[in-house]
Amino acid sequence: MNALVFAAVVAGGGAAAVVRYFVSRALPVGPGRLPIGVLIVNVAGALLGGVILGLAERAVLSSDLRLVLLTGVCGGLTTFSTWSVETIDLALKGRWRSAVLNLVGTLLLGIAVCAAGYLLAR
Amino acid sequence: MRNALAVFAGGIIGTALRLGIDRALPHSDTQFPVSTLIINTSGAFVLGWLVAGLWTRPAVPAWLKLLLGPGVLGAFTTFSAVMVSLVSLGAASSWPLAGLYLLATLLLGFPAALLGVWLGGRIRHLPAADAGARS
């Protein structure tokens with residue numbers, strides 16, 4: 001990996017983190033409610049990741065571009081830490097329904113759209 | 001603008017750290033993604049500790065919370081890489097490995113977040129305790 005690819009990966013990750021920040025700020029979470037902003041961003045990133053995986057398999061994308069888009073953009077856009085901490089927070093506040101919905105809903109939607117994106121793009 | 005800049009800078013750092021761990025522990029699309037598991041578990045722990053502990057302290061500036069939270073840890077950890085690995089492993093019919101990876105991600109990541117929140121709570125800033133100390 002040359003310096004240009006490295007710079008593109010980290011810049012992509014930084015820019016995608018800003019997109020995530022703006023989406024979650026535009027959809028503020030009510031106390032005890034589902035953190036919908038992070039859910040949307042994570043599911044969108046999973047879809048994008050599936051499409052990129054499929055395109056890379058067809059050799060439409062170079063390995064460098066795959067790294068920039070998957071590790072940089074998708075990796076920076078989506079987050080595991082906020083998803084888990086917000087779910088734990090809901091559970092600790094006794095909001096079990098929201099906690100389970102956040103965990104299971106994000107997971108099922110994420111797997112479904114990622115698989116669909118991959119199958120359509122490959 | 002300043003807020004976005006803090007998130008951007010943190011996002012660069014978090015992505016670089018993740019890339020470094022990915023390079024140190026490389027895995028193909030059909031192998032168990034140890035690097036992502038380590039990244040997500042440790043990131044969930046640290047964010048839990050920050051949110052429940054350090055961030056309750058009034059001396060911590062907003063820009064630092066944005067730099068470390070949505071920035072460094074948000075970009076360091078990843079949901080998409082988990083999904084992409086599950087789809088890759090599924091496409092290769094490595095179902096036991098996919099199941100193991102999903103279970104490991106959930107059974108390590110979520111307890112790590114809980115442990116972080118619990119340990120962070122021990123350094124939580126309590127305004128009531130402050131008032132008590134002053135009186």
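1. **The area between the chains.** Chain B and chain A bury about 3,400 Å² between them, 79% of it on carbon and sulfur atoms. Buried area here is the accessible area (1.4 Å probe) that two parts lose on being put together, summed over both. On the chain B side, Leu19(B), Phe79(B) and Phe110(B) lose the most area to chain A, together 21% of what that side buries. Please keep in mind that this is a predicted model, in which local features need pLDDT of at least 70, side-chain atom pairs count only at pLDDT 80 or more, and totals for chains, interfaces and linings use all residues. Residues are numbered from 1 along each chain as its sequence is written, chains are lettered from A in the order in which they are written, and side-chain values use heavy atoms, with hydrogens and water left out.

2. **Who takes part.** The contact (heavy atoms within 4.5 Å) takes 47 residues from chain A and 42 residues from chain B. As for polar contacts, 13 residue pairs are counted between the two chains, with both residues at pLDDT 80 or more. A polar contact is a pair of N or O atoms within 3.5 Å; within protein, one must be able to donate a hydrogen and the other to accept it, and residues adjacent in sequence count only if both atoms are side-chain atoms. The chain B elements that give two or more residues to the side touching chain A are α1 (2–24), α2 (34–52), α3 (62–76), α4 and α5. Of these, α1(B) gives the most, with 12 residues. That side of chain B divides into 25 nonpolar, 13 polar and 4 charged residues. In this sorting, Ala, Val, Leu, Ile, Met, Phe, Trp, Tyr, Cys and Pro count as nonpolar, Asp, Glu, Lys and Arg as charged, and the others, Gly among them, as polar.

3. **A salt bridge to look up.** How many salt bridges are counted between chain B and chain A? The count is 1, where a salt bridge is a side-chain nitrogen of Lys or Arg within 4 Å of a carboxyl oxygen of Asp or Glu. Arg66(A) forms a salt bridge with Asp29(B), and their closest N and O atoms are 2.9 Å apart.

4. **Chain A as a whole.** Chain A has 5 helices and 0 strands. Helices (H or I, at least four residues) and strands (E, at least two) are DSSP runs, numbered from the N terminus.

5. **Helix α5 of chain A.** This helix (residues 96–121) has 26 residues and reaches 37 Å from its first C-alpha to its last, close to the 38 Å expected at 1.5 Å a residue. The expected span is 1.5 Å times one less than the number of residues. Its buried residues include Ser98(A), Asn102(A), Leu107(A) and Tyr118(A). What covers the buried residues of α5(A) includes α2 (36–57) and α4 (81–92) of chain A, together with α4 (80–91) and α5 (95–121) of chain B.

6. Is Ala113(B) buried or exposed? Ala113(B), in helix α5 of chain B, counts as buried because its relative accessibility is 0%. Not counting residues up to four places away in sequence, Ala113(B) touches Ser84(A), Val85(A), Ile88(A), Ala44(B), Phe45(B) and Gly48(B). Ser35(B) is found in helix α2 of chain B and also counts as buried, at 0% relative accessibility.

Conventions:
Buried means under 20% relative accessible area, exposed over 50%, partly exposed in between (1.4 Å probe, protein chains only).
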